[in-house]
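Colleague: I have a two-part model open and would like to walk through it with you. Could we start with a sheet and then move on from there?

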Amino acid sequence: MKNSTLGGLAVLFFLLAAASLSADLKVGEKAPDFTGVDANGQSHTLSSYQGKIVVLEWLNHECPFVQKHYNSGHMQKLQKTYTAKGIIWFSIISSAPGKQGYCTPEQARVLTKEKDAAPTAVILDPEGKIGRLYDAKVTPHMFIIDQNGVLVYNGGIDNIRSTNIEDIPKAINYVEQALEEILAGQEVSVKTSQPYGCTVKY
Amino acid sequence: MKAESGLFQETEPSRVKAELIPERLWMEPGKLFNLWLRLTIEPGWHIYWKNPGESGLPTTVSWSLPPGVSLLELSWAVPEKFVDSLATSYGYKDQVLILATLSISPEVPAGSALRLDAEISYLVCREGCLPGSCSSSLALEVKKAAAPENKAYRHVFFAARLKLPEAARWPTSAEADQEAVRIFFQPPAEQDLDLLGASFFIENEGIIDYGSAEKWEKAASRYVLSLKRAPVSTELPAVIKGVLVLNRGSNQGNIKAFSLEVPLKEIKRL
């Protein structure tokens, strides 16, 4: 009798703990919906891409961690490879006006061209609404949403925290790994990692 | 756009300057030698501790030392917390002194002058961040005689030593569940330590949620520090390391830092 009461209490404790966490963004649950306007003035709503895999990449071209992945051409390569496979890739700029990395639509278009970047769209989020909805902490902070609209990855681009281009070939790229697994119909093996980079300049 | 925009590396003049300062005027064969590394950081900018926290990069020191001279230990001063938009980081502003304990082999011939080099790599941040590096060299004589202290810097060393953590030699333990990491410790009463303004700097990366408040409790002579687990938690380490900063004698500002190395026990709940 005493034992079953304790068991009940333990279950109750667990439920309370789970409830208090559900306010946070959780991998394995529905990704929060958003609508954002891109550098060409086009509007994108996440839920309208249901049935497709969506990558969210937080971007600030003045950040040395972002430059590591763009100056090496590695980020552009990922964008080209996976958009060619039907994946939707949004680069999101959440820098506030006057803060590092902020872009007007025109500046964003110029930078995208200069860097030879190839995302589906560069979404401008100067008020930081999408960034805060996803609790994007750094650039590049990466998220992957699967065909069912479920968040399946939240974390860094890879496992070597540095600004050194030479580390890219040595690193495990978690985004590439997760996308390959989803495309192969497998479960994502690494669902979270500590994102590294510059703080998002909200 | 700012002047530094688009730059991948910091350009001259660098925002961080390095200076090697010997604690004694020469090195003695077969003895330990204290060599201080002073980093002076441009006002308004900061660099990072060995665990940078949620943003930034660890500052690293790479040494070029002559044969017979080896680095035994590098002691980092207590860092401070930087809260930048969403991220809490650990680092230094203005100036920091790091102590290198060198071991001088008895084989090192007296009468020679040896060159010691340190190259420091860092990420320096204000609103934006720049990776950079700086270096310092020193030529020091080796003599078989008691080395006098470097008196000109006596006050500098005294102040720097107060900021170095000393190993905590009292009972500690730590446990973690899905919610939190809890560290239990029991400093001896004669230390007269107080929790007012206490803080903890964890050395392990990716375990705790840096932005959440540290929860301190005192029950009898035992202290409990609770740290919220990171939402994207990596595997737990076998040992939790960090620096604990406590007040001494209830006088605000009179702080004492201790380094902790505590085996971590994982508690699995339902």
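Colleague: Which strands form the open sheet in chain B, and in what order?

Modeller: Keeping in mind that this is a predicted model, the open sheet in chain B is formed by four strands in the order E1-E2-E8-E5, and their pairing is antiparallel. Strand E1 (16–22) and strand E5 of chain B stand at the edges, and because each has a single partner strand, one side of each is left without a neighbour in the sheet. From one strand to the next, the twist averages 25 degrees.

Colleague: How many bridges join E1(B) to E2 of chain B?

Modeller: Seven bridges join E1(B) to strand E2, residues 32–41 of chain B, and the two run antiparallel. To take one pair that you can find on the screen, B:Ala18 has B:Leu39 in E2(B) as its bridge partner.

Colleague: And which helix packs on that sheet?

Modeller: That is helix H1 of chain B, residues 154–162, which touches E1, E2 and E8 of chain B, and whose direction makes about 85 degrees with that of E2(B).

Colleague: Switching topic, how much space lies in the second largest pocket?

Modeller: About 450 Å³ of space lies in the second largest pocket. It is lined by 21 residues, and the closest to its centre are B:Lys50, B:Glu73, B:Ser75, B:Pro165 and B:Ser259.

Colleague: Which strand gives the most to that lining?

Modeller: E18(B) gives the most to the lining of the second largest pocket, with four residues. Several strands of chain B supply at least two residues each, including strand E3 (46–53), strand E5 (69–75) and strand E17 (239–248). By class, the lining of this pocket has nine nonpolar, four polar and eight charged residues.

Colleague: Is B:Val78 buried or exposed?

Modeller: B:Val78 has a relative accessible area of 15%, and since a residue counts as buried when that value is under 20%, B:Val78 is buried. Apart from neighbours within four places in sequence, B:Val78 is in contact with B:Tyr92, B:Lys163, B:Pro165, B:Phe201, B:Val243, B:Val245 and B:Ala257.

Colleague: Now chain A, please: how many helices and strands does chain A have?

Modeller: Chain A has six helices and nine strands, and buried residues make up 52% of its 202 residues. Of the contacts in chain A with a separation of 6 or more, 73% are between residues 24 or more positions apart.

Colleague: Which residues of helix H3 in chain A are buried?

Modeller: In helix H3 of chain A, residues 74–83, the buried ones are A:His74, A:Met75, A:Gln76, A:Leu78, A:Gln79 and A:Tyr82. These buried residues pack against strand E3 (54–58), helix H2 (64–71), strand E4 (88–93), strand E7 (142–145) and helix H6 (174–183) of chain A.

Colleague: Last one, which residues line the largest cavity?

Modeller: Among the residues that line the largest cavity are A:Leu59, A:His61, A:Tyr70, A:Ser91 and A:Ile93, and about 60 Å³ of space lies in this cavity. The largest share of its lining, three residues, comes from H4(A), while the lining as a whole has nine nonpolar, three polar and no charged residues.

Key. Residues are numbered from 1 along each chain as its sequence is written. Chains are lettered from A and ligands numbered from 1 in the order in which they are written. This is a predicted model: local features need pLDDT of at least 70, side-chain atom pairs count only at pLDDT 80 or more; totals for chains, interfaces and linings use all residues. Side-chain values use heavy atoms; hydrogens and water are left out. On a 1 Å grid over the protein atoms alone, a cavity is a set of points where a 1.4 Å probe fits but cannot get out, and a pocket is an open set with protein on both sides within 12 Å along at least five of seven lines; lining residues have an atom within 4 Å of a point. Grid points are joined across faces, edges and corners, and a volume is the space filled by probe spheres set on the points. Ala, Val, Leu, Ile, Met, Phe, Trp, Tyr, Cys and Pro count as nonpolar, Asp, Glu, Lys and Arg as charged, and the others, Gly among them, as polar. Two strands pair if DSSP finds at least two bridges between them. Axes are lines fitted to C-alpha atoms, for helices over the stretch in contact, and angles run from 0 to 180 degrees between N-to-C directions. Contact means heavy atoms within 4.5 Å. Buried means under 20% relative accessible area, exposed over 50%, partly exposed in between (1.4 Å probe, protein chains only).
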